Amino acid sequence: MPDRESRQNRDQRETDAQRRRRRAQFLRDLAEARELRDRVQPRRAKAARLRHAMRMRTFRW
């Protein structure tokens, strides 16, 4: 199992800053993909917005 050991060593060497940078990039890409999907499918995006608004209206704090 040399692959697993090398991956563990890499994970240990990876700093928190690198992990946060990678996560921030992933979240930016995810937001960009959602915006693109909303532009390509406006009807589905509108329905999703309405569903979200209904959930928020009926949510109890």
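A helix, as the word is used in these legends, is a DSSP run of H or I covering at least four residues, and helices are numbered from the N terminus. By this definition, R37 lies in helix α2.

**View 1. The fold of the predicted model.** This is a predicted model, and the secondary structure of the protein consists of three helices and zero strands. Of the 61 residues in the protein, 2% are buried, and the protein exposes about 6500 Å², of which carbon and sulfur atoms supply 52%.

**View 2. Confidence along the helices.** The average pLDDT of the protein is 86, and 79% of the residues score at least 70. Confidence is highest in helix α2, at a mean of 94, and lowest in helix α1, which covers residues 2-13 and has a mean of 64. Where pLDDT is low, the predicted coordinates should not be read in detail.

View 3. The residues R34, R37, R44, R51 and R55 together form a positive surface patch. Two elements, α2 (16-40) and α3 (42-58), each give two or more residues to this patch, and α3 gives the most, with three residues. Is R37, a member of the patch, buried, partly exposed or exposed? With a relative accessible area of 46%, R37 is partly exposed, because partly exposed describes values between the limit for buried, under 20%, and the limit for exposed, over 50%.

**View 4. A negative patch on the surface.** A patch of negative charge gathers D29, E32, E35 and D38 on the surface of the protein. In which helix does E35 lie? The residue E35 belongs to helix α2, the element that also holds R37 of the positive patch. The relative accessible area of E35 is 48%, so this residue is partly exposed.

Methods: Residues numbered from 1 in each chain as written. Predicted model: local features only at pLDDT ≥ 70, side-chain atom pairs only at ≥ 80, totals over all residues. Heavy atoms only, no water. Buried < 20%, exposed > 50% of the residue type's maximum accessible area, 1.4 Å probe, protein only. Areas by Shrake-Rupley, 256 points an atom, 1.4 Å probe, with all protein chains shown as cover. Patch = residues over 30% accessible without salt bridge, like charges linked within 9 Å, V, L, I, M, F, W, Y side chains within 5 Å. Salt bridge = Lys/Arg side-chain N within 4 Å of Asp/Glu carboxyl O. Lys, Arg positive; Asp, Glu negative; His and termini not counted. Charge placed at Lys NZ, Arg CZ, Asp CG, Glu CD. pLDDT = per-residue confidence, 0-100.
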